[in-house]
Each structure stands twice: as structure tokens, then as C-alpha cells.
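Let's take a quick walk through this model, starting with a pocket and ending with a helix.

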Amino acid sequence: MYCVEVDPPDETLFWLFRFMIDANNQAKGCGTTALQMAIDEMAAKGAKRIRTMYKSSNNIAGKLYKKMGFRETGEHDECGDIILELNISLQKKTLTEDSS
């Protein structure tokens, strides 16, 4: 699930919520593929940046997000989750360089 930032309104900043892959399907590339599909869909709708969050105890989620180009913002949400942000133009550049 995702949405556009509303406080303050920013139609180029999207939030990705509750991105989960069942434990039986982890470490098979499903998360990478699904996350890239979600990024592409948000980009097609005008996203320039995407934010998400994860619990510090969830190392698998942290590794996946960072592998896909998300960077920690230094912020935490009200539950203490770590907030990450992806700059889509930088992600595309990194993916292009990695495939060369």
C-alpha cells in the first residue's frame, strides 16, 4: 500500500506502507522484484521520492531497502521505526551503473 504525502502536501513524495513478503517466499528474489514493481508504479504516478520505514530489529527489511537504494533519513516515526527515503532518479542511475 502506498500514498502521496499530505502533511504538508507534496505530490512528488510517496509513502510505502506494510510492504511484507511471507517468510516462505523470502530469499528467493520475490521482495526485490515486488519492491521494484511498487517503485515503478509510484514513479509512473509522479513520485520523485519514496519514503518507508522498518523496525531496527528487522535486518532483512533493512538490507532489502538499502539494496534497492533507500537511505536512512536520520528520522524515526512515532513507533521508533527507522525512516528511509529513495530518490528515484538516483536509484535509476545506480541500477544502470550496476548493470553495466
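Here is a short report on the pocket and the helix.

## Ground rules

This is a predicted model, so to speak of local features takes pLDDT of at least 70 and side-chain atom pairs count only at pLDDT 80 or more, while totals for chains, interfaces and linings use all residues. Residues are numbered from 1 along each chain as its sequence is written, and side-chain values use heavy atoms, leaving out hydrogens and water.

## The largest pocket

The largest pocket has a volume of about 720 Å³. A pocket here is an open set of points on a 1 Å grid over the protein atoms alone, where a 1.4 Å probe fits, with protein on both sides within 12 Å along at least five of seven lines; lining residues have an atom within 4 Å of a point. Volume is the space filled by probe spheres set on the points, which are joined across faces, edges and corners.

There are 26 lining residues, and Phe19, Met20, Asn58, Ala61 and Tyr65 sit closest to the centre. Helix H1 (30–44), strand E3 (49–54) and helix H2 (59–67) each supply at least two lining residues, with H2 giving the most, five. Helices (H or I, at least four residues) and strands (E, at least two) are DSSP runs, numbered from the N terminus.

## Helix H1

Which residues of H1 are buried? They are Gly31, Leu35, Gln36, Ala38, Ile39 and Met42. These cover an arc of only 160° around the axis, which puts them on the same side of H1; the arc is that of the directions from the helix axis to the C-beta atoms. On the other side of H1, Met37 and Ala44 are exposed. Buried means under 20% relative accessible area and exposed over 50%, with partly exposed in between (1.4 Å probe, protein chains only).
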